[in-house]
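Biologist: Hey, can you walk me through this one? I'd like to start with some aromatic residues.

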Amino acid sequence: MAAAAAAALRAWFWNERFWLPHNVTWADLAGEPGPGLQYPRAGHVLSAFPLALGIFAVRLLFERFIAKPCAINLGIQDSGPHRAQPNAILEKVFTSITKSPDGRRLEGLSKQLDWDVRKIQRWFRHRRNQDKPTTLTKFLTFFILILPPVWFCLLKATRWRFTFYLCIFFYGIRFLWTAPWFWDTRQCWYNYPFQPLTSRLYYYYILELAFYWSLMFSQFTDIKRKDFLIMFVHHLATIGLITFSYMNNMVRVGTLVLCLHDASDFLLEAAKLANYAKYQRLCDAFFMLFGVVFIVTRLGIYPFWILNTTLFESWELIGPYPSWWLFNGLLVTLQILHVIWSYLIIRTAYKALVRGKVSKDDRSDVESSSEEEEVTSNSTKGVFSTSSNGSNCINGHVAGGQWTEDE
């Protein structure tokens with residue numbers, strides 16, 4: 001009974017009329033297209049899981065034996081946010097009731113402890129921040145190398161993800177440069193799905209899939225960001241696209257999508273590295289370059305090159321079928337995320353132009369004094385006063401405009 005149900009489920013999932021164009025069956029793709037060649041197999045994607053675990057292990061070794069010593073040599077210390085002074089009552093409220101008390105609760109705690117409300121507010125902010133990783137911990141995935149010429153020092157920075165994105169991008173460019181579909185996207189659909197899989201194409205695809213699986217794993221162990229949900233959806237859509245396009249032998253257009261997305265990511269990682277190393281101008285330059293490349297590739301090349309061939313050229317050459325709709329739906333989902341991220345980038349770039357430098361990463365995990373007091377002052381209906389220029393201050397310091405480290 002169970003075997004029959006499993007067989008029925010397998011037959012339903014691998015329904016040829018969903019996965020393949022009209023008049024094509026799995027039997028047609030079972031053979032070998034030539035000596036040493038084959039078509040993509042669903043079982044190939046399973047090899048990505050042990051490879052993803054291997055990538056994650058390499059990352060841990062990279063952080064411990066390469067990134068940390070380089071960060072210490074650069075002068076980035078293992079010092080975290082200010083720690084909250086021990087207080088049993090506030091600790092109980094923090095762990096059992098709320099990590100962000102409202103104005104009424106703050107006033108009640110003020111009377112109970114005979115503390116100033118602002119002091120209690122600072123205690124909760126410090127308590128929340130002390131659970132966040134230190135600058136050195138966040139830098140552990142970075143690999144920094146300084147090469148000092150005679151008249152200046154140029155920071156050449158790599159990071160774990162920076163290293164991967166950079167290497168895989170140039171590998172993809174080198175591979176695609178000789179691929180006919182790189183110059184003529186209609187080649188993605190000629191003789192589809194009878195397009196043989198080469199070894200270089202196989203390694204490129206499986207390595208990308210394994211890396212994104214490793215990012216999915218590490219997202220639950222790394223620092224949690226404000227864009228956690230967006231990144232989760234992005235990783236799911238990316239993994240779904242890579243897996244789906246591989247099993248459906250849409251790997252030619254898939255390589256274009258992968259290479260296009262890798263083009264800008266390493267520039268953002270380089271900007272973060274420069275920020276940690278306190279090279280503000282270099283940080284600004286990398287970020288602006290990243291913004292330009294991101295918007296050009298994601299809002300220009302992607303819709304007018306990638307979506308054009310998947311939606312229109314493929315419709316003309318092979319026609320739509322059920323999995324075709326799903327594939328394009330995932331690609332459109334990515335485009336929606338591109339629009340959201342482009343808005344965030346443009347907003348940050350605008351602030352940078354107004355203030356003279358990149359001011360803050362919107363995904364920042366450590367709270368600033370001014371942000372905390374602005375929110376709490378609204379909730380307490382004017383309990384807190386502001387400085388003469390309207391800025392909320394703590395201990396005489398106004399929240400700085402430096403780009404807060406986010407990873």
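Biologist: Phenylalanine 164 and tyrosine 165: buried or exposed?
Modeller: Phenylalanine 164 is buried, and tyrosine 165 is buried too. Buried means under 20% relative accessible area, exposed means over 50%, and partly exposed is in between, with a 1.4 Å probe and protein chains only. This is a predicted model: local features need pLDDT of at least 70, side-chain atom pairs count only at pLDDT 80 or more, and totals for chains, interfaces and linings use all residues. Residues are numbered from 1 along each chain as its sequence is written, and side-chain values use heavy atoms, leaving out hydrogens and water.

Biologist: How many aromatic pairs are there?
Modeller: There are 34 aromatic pairs. Rings of Phe, Tyr and Trp (its six-membered ring) pair if their centres lie within 6.5 Å; planes under 30 degrees apart are stacked, over 60 edge-to-face, and the rest tilted. Phenylalanine 164 and tyrosine 165 make an edge-to-face pair, 6.3 Å centre to centre with 70° between the planes. Tryptophan 177 and tryptophan 183 also pair edge-to-face, at 4.9 Å and 80°.

Biologist: And tryptophan 177 and tryptophan 183, buried or exposed?
Modeller: Both are exposed.

Biologist: New topic: what sits over the face of tryptophan 115?
Modeller: Lysine 119 does, 4.3 Å from the ring centre. For that, NZ of Lys or CZ of Arg must be within 6 Å of the ring centre and within 35 degrees of the ring normal. Lysine 99 lies over phenylalanine 94 in that way, at 5.2 Å.

Biologist: What's the average pLDDT of the chain?
Modeller: The average is 76, and 74% of the residues score at least 70. pLDDT is the predictor's confidence in each residue, from 0 to 100.
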